[in-house]
Amino acid sequence: MSKAAIFNFIVQKDARSITVERSFNAPLDPVWAAWTNADILCQWWAPKPYECVIKALDFREGGRWLYYMQGPQGDRHWCFFDYETVRPKSHFSGSDSFCDEHGVGNDTKPKVSWEAHFSKNGWSHIGARHPPLWFTRRTGADRGDGLQGRLHHGP
Amino acid sequence: MDRLSLTFSALADPTRRAILARLSTGAASVNEIAAPFSMSLPAISKHLKVLERAQLIARGREAQWRPCEMKAEPLREADAWIEQYRQMWEERFDRLDAYLMELQAKSADAKATSAKTAKAKKKKP
């Protein structure tokens, strides 16, 4: 018997924060592994039609996850995530940044701090804070720029 | 700062949100806007400047009475961005969900197979 998945997306404009909640009809172990094992993480991290290629995943406090998202036209968007706190099977936090293929951060694009929380009954809570800036928007001309490239759906 | 960032920083302040709520009911002068707040006119003007820079409001041109009115376009853009962000997480988690389902189906198969094998073994003398 499968329970319906719950997806919540809570926006607090005043706090400039977004909370995403998702339930999975699965035990905690594989859900946790999906975030911490590069072979699994790369299978789902990129929203379609993007694909994620992980160059390094050092899942520990102070470690870094370096990857890129590749679009159908071959456009690549490099990002890294620096882990700050890690509590196995409970939560982890850190911040992600855009960067080049050597992992050199792009200071003109904002960092996003977020944390992921896990609970035994198949929940992942992701809280993203966006200080001090929000992402730059895509204008017609610079399609594929930054996160908007990753977010691009349809034609 | 890009326009979307301007929109969100402008909205991050409760006074400015209250001003926008007031202006959503119609144009008003600075004095009218300031009336419900225990704040000096220069302080209110500062907030109005932030809103104006974010293009959330526009000021009239008359020198004496410069009514402020609300502009909805930046808010619509902010909402569009949020919607894209929501879609990204939804699709990402749908992919994770599909993976977890597949994993469970595989482990169920493996269990069934090993149960069969165990049964078969038992039958053997």
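User: Is A:Lys89 buried, exposed or partly exposed?
Analyst: This is a predicted model. A:Lys89 has 14 other C-beta atoms within 10 Å. A buried residue needs 20 or more, and an exposed one has 12 or fewer. A:Lys89 is therefore partly exposed.

User: Where is A:Lys89 placed in chain A, and what is its phi?
Analyst: A:Lys89 sits in the loop between β5 (76-87) and β6 (91-98) of chain A. Most residues other than glycine have a negative phi. A:Lys89 is not glycine, yet its phi is positive. The value is near 60°.

User: Which loop of chain B holds B:Gln55?
Analyst: B:Gln55 has a positive phi of about 60°, although it is not a glycine. Look between a helix, α4 (41-53), and a strand, β1 (57-59). The residue lies in the loop between α4 and β1 of chain B.

User: Does B:Gln55 count as buried, exposed or partly exposed?
Analyst: Count its C-beta neighbours inside 10 Å: there are 15.

User: What is the omega of the peptide bond from A:Lys48 to A:Pro49?
Analyst: A:Pro49 belongs to the loop between α2 and β3 (51-57) of chain A. Most peptide bonds are trans. The bond from A:Lys48 to A:Pro49 is cis. Its omega is near 5°.

User: In what order do the elements of chain B run?
Analyst: Chain B has five helices and two strands. Read them from the N terminus on. The order is α-α-α-α-β-β-α.

User: Why is chain B described as more spread out than a compact globule?
Analyst: For 125 residues, the globule rule gives 14 Å. The C-alpha trace of chain B spans about 105 × 25 × 25 Å along its principal axes.

User: What percentage of the residues of chain B count as buried?
Analyst: The cut-off for buried is 20 or more other C-beta atoms within 10 Å. Chain B has 125 residues. Of these, the buried part is 22%.

User: How many residues does each chain bring to the contact?
Analyst: On the side of chain A that touches chain B, β1 (7-12), β2 (17-23), α1 (28-36), α2 (38-44) and α3 (146-151) each supply at least two residues. By class, that side has 18 nonpolar, three polar and seven charged residues. The contact takes 28 residues from chain A and 30 residues from chain B.

How values were computed:
Residues are numbered from 1 along each chain as its sequence is written. Chains are lettered from A and ligands numbered from 1 in the order in which they are written. This is a predicted model: local features need pLDDT of at least 70, side-chain atom pairs count only at pLDDT 80 or more; totals for chains, interfaces and linings use all residues. Two residues are in contact if their C-beta atoms, placed from the backbone, lie within 7 Å. Helices (H or I, at least four residues) and strands (E, at least two) are DSSP runs, numbered from the N terminus. Ala, Val, Leu, Ile, Met, Phe, Trp, Tyr, Cys and Pro count as nonpolar, Asp, Glu, Lys and Arg as charged, and the others, Gly among them, as polar. The radius of gyration is taken over C-alpha atoms; the globule rule is 2.2 Å times the number of residues to the power 0.38.
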